[in-house]
Amino acid sequence: MIKINKDFQAIPSRLIENVTLQQTSSAIATQNGNLYTTNYNHDTVKEALSLLYHDKCAYCESKITSGAYLQVEHYRPKAKVDAKDLPNGQVHKGYYWLGNEWSNLLFACQKCNQQGAKGNRFPIKGIRVLTHPQDSSQYFILHQSMLDEIPLLLNPELVDPSDHLSIDHIGVLHGKSGSGDISIQIYRLNRVDLIIERKKIIDNFVNRIKKQLSRYNDPLLPTRLSPGQFQDQMTIIFEDLIEGQLPQEQYSFVYINILNQFDSLILPHIDPVFQQEIKTAFQTFIHTIFP
Ligand SMILES: [Zn+2]
């Protein structure tokens, strides 16, 4: 998960058309979020989200090509809040007034969004808003009444996930906060398929480094690398980290973390005899890129 910079004012046209506003009014009048079957997932909305999210899931960063197709997801569930997130006996009809609200719409893959994962889950630790506010300006997700709910699930449009999540050297995510922990659990961010994909990125880097190390440290190799050539090869490898951290890249969170925590993510995979050498090569690279 990475931070997404959404322009909350740039509302896709369909969401402000009469047909959409009427649907929202009906859902509010009947307190029935199931009336939202169209509009929120209109092509103009999908296109806007697809651009914003670079065709990646808001939660797990899987692309359409490697996961299931992406869906327009309601951060606050539109028709029901799961009983697991409510006090005993309380019923919540869902945030039936937020079905077409741009600031409540994210882009997510089926695996993160389905029942058993995010589904209708919406745990909070503040004051639950149970029915629609009279003033529609309060529908905005950054309105104080919404903030006072203190949602526990990470919303990449509102917070920087790096403050709440970390990754280890085998591709497993860990919470750095309560929100981080609960988001990993509910979005199921440590699904086996995701750990494998993240680990692949780390392994690929490690293997490329090891290959160059063997070309550098074998005295019998006729094409043995000089120290300068070795650093050049390391630079080529490390430059791919800079590419990988771009928001359009799948699992860019992994690359961001390798750049920021190279020692703990990459060095454990390197023979201790060569760790200092690799560490120095990386520091040299970083000083060149960010002098
Ligand atoms: Zn996902």
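These are my notebook entries on a predicted model of a protein.

**Entry 1: conventions**

I numbered residues from 1 along each chain as its sequence is written.

**Entry 2: overall layout**

I counted ten helices and four strands in the protein. For these I took DSSP runs, numbered from the N terminus, with helices (H or I) of at least four residues and strands (E) of at least two. Read from the N terminus, the order is α-α-β-β-α-α-β-β-α-α-α-α-α-α. The C-alpha trace spans about 80 × 40 × 35 Å along its principal axes.

I then looked up burial, where a residue is buried if 20 or more other C-beta atoms lie within 10 Å of its own, exposed if 12 or fewer, and partly exposed in between, with C-beta atoms placed from the backbone. Of the 291 residues, 36% count as buried.

For contacts I required C-beta atoms, placed from the backbone, to lie within 7 Å. Among contacts between residues at least 6 apart in sequence, 67% join residues at least 24 apart.

**Entry 3: domains**

I found the protein divided into domain 1 (13-151) and domain 2 (196-289); such bounds come from an automatic or database domain assignment. The centres of domain 1 and domain 2, taken over C-alpha atoms, are 41 Å apart. Six residues from domain 1 and six residues from domain 2 make the contact. On the side of domain 1 that touches domain 2, I noted three polar and three charged residues and no nonpolar ones. In this classing, Ala, Val, Leu, Ile, Met, Phe, Trp, Tyr, Cys and Pro are nonpolar, Asp, Glu, Lys and Arg are charged, and the others, Gly among them, are polar.

**Entry 4: the largest nonpolar core**

I took a nonpolar core as a set of buried Ala, Val, Leu, Ile, Met, Phe, Trp, Tyr and Cys residues joined through C-beta atoms within 7 Å. The largest such core has 59 residues, of which Cys57, Tyr59 and Ala108 touch the most other members. Elements that give two or more residues to this core include helix H2 (43-53), strand S2 (105-109) and helix H10 (272-289). H6 gives the most, with seven residues. Domain 1 (13-151) and domain 2 (196-289) each supply at least three residues to this core.

**Entry 5: strands S1 and S2**

I checked S2 and found five of its five residues buried. Leu105, Phe107 and Cys109 lie on one side of S2, with Leu106 and Ala108 on the other, and both faces are covered. Strand S1 (residues 70-74) pairs with S2 in the antiparallel sense over five bridges, pairing being counted if DSSP finds at least two bridges between two strands. Leu106 in S2 is the bridge partner of Glu73.

Val72 is placed in strand S1. I classed Val72 as partly exposed because 18 other C-beta atoms lie within 10 Å. Beyond its neighbours within four places in sequence, Val72 contacts Tyr40, Asn41, Val45, Lys46, Leu49, Leu105 and Phe107. Val72 and Leu49 are 23 residues apart in sequence and 7.9 Å apart in space, C-alpha to C-alpha.

**Entry 6: helix H8**

I recorded H8 as largely enclosed by the rest of the structure, because seven of its nine residues are buried. Those buried residues are Ser252, Phe253, Val254, Tyr255, Ile256, Asn257 and Ile258. Their cover includes S3, H6, H7 and helix H9 (262-265).

Methods: Predicted model: local features only at pLDDT ≥ 70, side-chain atom pairs only at ≥ 80, totals over all residues. Contact = placed C-beta atoms within 7 Å.
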